[in-house]
Amino acid sequence: MSKPKVVVTRRWPAEVEAKLKELYDVTLNESDVPMTADALKLALQTADALLPTVTDPITADILRVPNKRARIIGNFGVGYNNIDVASAKEEGLVVTNTPGVLTDCTADIAMLLLLMSARRASEGERLVRSGQWKGWCPTQLLGQKVTGKTLGLIGFGRIAQATARKAHHGFGMKILFYTPRNAPAQDIVDDVQATRCATLEELLSQADFVSLHCPGSTENRHLINEQRLKAMRPSAHLINTARGDVVDNQALYKALKKGWIAGAGLDVYEGEPAVYPGFLELDNIALLPHLGSASEETRIAMGNRVLENIAAFFAGKEPGDRVA
Ligand code: DGY
C-alpha cells in the first residue's frame, strides 16, 4: 500500500521531519516562509493531510477549493484560530491541534515577560548595549517588586494554571482568575489557591499583573480595549502570550503613553509579524517574537503530537486532539 501523502507548511525540528519521512510521502516547504493561498489550495487537492501552523491562515476560501484529496488538517500548535474550523467541518475535514505539550514553556514566557516588564529589563538591556551606561545608581531604572503581588489571569486553561503555579510557588504571588466558561470544580490547582473573579472588571481593578490566556476568537477580539485598560491600576502591567488580537493595539499604545498602566509585555501581535509601530517608540513595553513554545524539546513534542494525531486518523481511529 502506498504511503499517505502529507504537506508540511513550515520546517520542523529535524528529528520529527525524519520520522515523518519514514512514515509518509512528505512534501516539505523548503523555503520555510508561509505558503501562498494557492499553494495551500493545491496542497489540499494533492495530499491526504495538510500540516499547517499558526502562520498559515486556512480560510473558508482555501478550504472550499474543489476536488480535495485531503481529509485531515493536523495543526502544529495548540491555538487553531488560524483555521476556519466551521468551514473545515462543512468540508468534511478533521482538524487536530497539539495541546498539553507547550504548557510549561508558554507559561515560562508569560513569567519572563512579567519580570521583564516589572523590572524594566528591556530598557536595561538597551542601555547596556548602547554603551551609555555610566554605572550603578541608586535611582536608575527602578521597577516594581514582583514577590507577593497579585496576578490576574484571564482564561484559566492549562497555560494559565501553569503560570499560576510558577507565580505562586516561585514568587509568592496571589492568584486571581476570570473565565467566562464553567469554572473548574475547585479553585485550587496543585495547592495554589486561585480566587475566581465574577467579572473581568473586578480582576482588572485588583491585579498588579494581568496575563492573558484566552483563545483568539471573534468574541475575544479586542477584549482588552480602552475602557478595560482604564480599569487597570496605574501601577499594573499587561502580559500577552495568547493571541495578538485579544488586545486593541491603539488602546494599549495610549494606555502606555498616558500612564493608565505602568507597562506591558507582548509575545504575540495582531497581524504578526507586523508590530504596531507606536510600540517601538515606547520604553515601557517588552516585545518578544512569539517565543511561547520555542524550546527544542517543546517543538519536537509538538511535531510528535501531530504525528500521533495523523497516525490515529490514518489507522481509522479517533485522533486524540481532534477539535473538529
Ligand atoms: C500555539 O501553539 O498556539 C502557539 O502560538 C505557537 O506555538
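Student: Which residue of β10 is the bridge partner of leucine 153?
Tutor: Serine 211 is that partner. Bear in mind that this is a predicted model.

Student: What makes β6 and β10 a pair?
Tutor: At least two bridges are needed for a pair. Strand β6 (residues 150–154) is joined to β10 by four bridges. The pair therefore qualifies. The two strands run parallel.

Student: How do you know that β10 and β11 also pair?
Tutor: Four bridges link β10 (residues 209–212) to β11, in the parallel sense. The cut-off is at least two, so this counts as a pair. Valine 210 has leucine 238 as its bridge partner in β11.

Student: What order do the strands of the open sheet take?
Tutor: The order is β8-β9-β7-β6-β10-β11-β12-β13. That is eight strands, with mixed pairing.

Student: Why are β8 and β13 called edge strands?
Tutor: Each of them pairs on one side only. β8 covers 188–189. For β13, three bridges join it to β12, and the two run parallel. Leucine 266 has leucine 287 as its bridge partner in β13.

Student: Which residue of β12 stands opposite asparagine 240?
Tutor: Leucine 266 does. β11 and β12 are joined by four bridges and run parallel.

Student: What makes you say that both faces of β10 are covered?
Tutor: Phe209 and Ser211 lie on one side, Val210 and Leu212 on the other, and all are buried. β12 shows Gly263 and Gly265 on one side, with Ala264 and Leu266 on the other, again all buried. In β11, His237 and Ile239 point one way and Leu238 and Asn240 the other, and all are buried. In a regular strand, side chains alternate between the two faces of the sheet.

Student: Which residues does valine 210 touch?
Tutor: Leaving out residues up to four places away in sequence, the contacts are Gly152, Ile154, Leu204, Met232, Ala236, Leu238 and Ile239. Val210 is also among the residues with the most contacts inside the largest nonpolar core. Helix α5 (residues 103–118) gives the most to it, with nine residues. Nonpolar side chains tend to be buried together in soluble globular proteins.

Student: How do you know that the buried residues of α10 lie on the same side?
Tutor: The buried ones are Asn249, Leu252, Ala255 and Leu256. Their arc around the axis is only 125°, so they sit on the same side of α10. An α-helix has 3.6 residues a turn, so residues three or four places apart point the same way. The face turned away from the buried side carries the exposed residues Lys257 and Lys258.

Student: What do the buried residues of α10 pack against?
Tutor: They pack against α9 (226–231), β11 (237–240), β12 (263–266) and β13 (285–287). Just after α10, glycine 259 takes a positive phi of about 80°.

Student: Why is glycine 77 called buried?
Tutor: The cut-off is 20 or more other C-beta atoms within 10 Å. Glycine 77 has 22, so it is buried. Its place is in the loop between β4 (72–74) and α4 (85–90). Thr53, Val54, Asn97 and Thr98 touch glycine 77, not counting residues up to four places away in sequence.

Student: Which residues surround the ligand?
Tutor: Gly77 is one of them.

Student: Is aspartate 32 buried or exposed?
Tutor: Exposed means 12 or fewer neighbours. Aspartate 32 has 10 C-beta neighbours inside 10 Å, so it counts as exposed. Aspartate 32 lies in the loop between β2 (25–28) and α2 (37–46). Its phi is positive, about 55°, although it is not a glycine.

Student: What makes arginine 120 buried?
Tutor: Arginine 120 has 21 C-beta neighbours inside 10 Å. The cut-off is 20 or more, so it counts as buried. Arginine 120 lies in the loop between α5 and α6 (121–130). Its phi is positive too, near 55°.

Student: What is the omega of the cis peptide bond between glutamate 272 and proline 273?
Tutor: Omega is about 15°. Proline 273 is found in the loop between β12 and α11 (277–281).

Conventions:
Residues are numbered from 1 along each chain as its sequence is written. This is a predicted model: local features need pLDDT of at least 70, side-chain atom pairs count only at pLDDT 80 or more; totals for chains, interfaces and linings use all residues. The arc is that of the directions from the helix axis to the C-beta atoms. Two residues are in contact if their C-beta atoms, placed from the backbone, lie within 7 Å. A residue is near a molecule or strand if its C-beta atom, placed from the backbone, lies within 6 Å of it. A nonpolar core is a set of buried Ala, Val, Leu, Ile, Met, Phe, Trp, Tyr and Cys residues joined through C-beta atoms within 7 Å.
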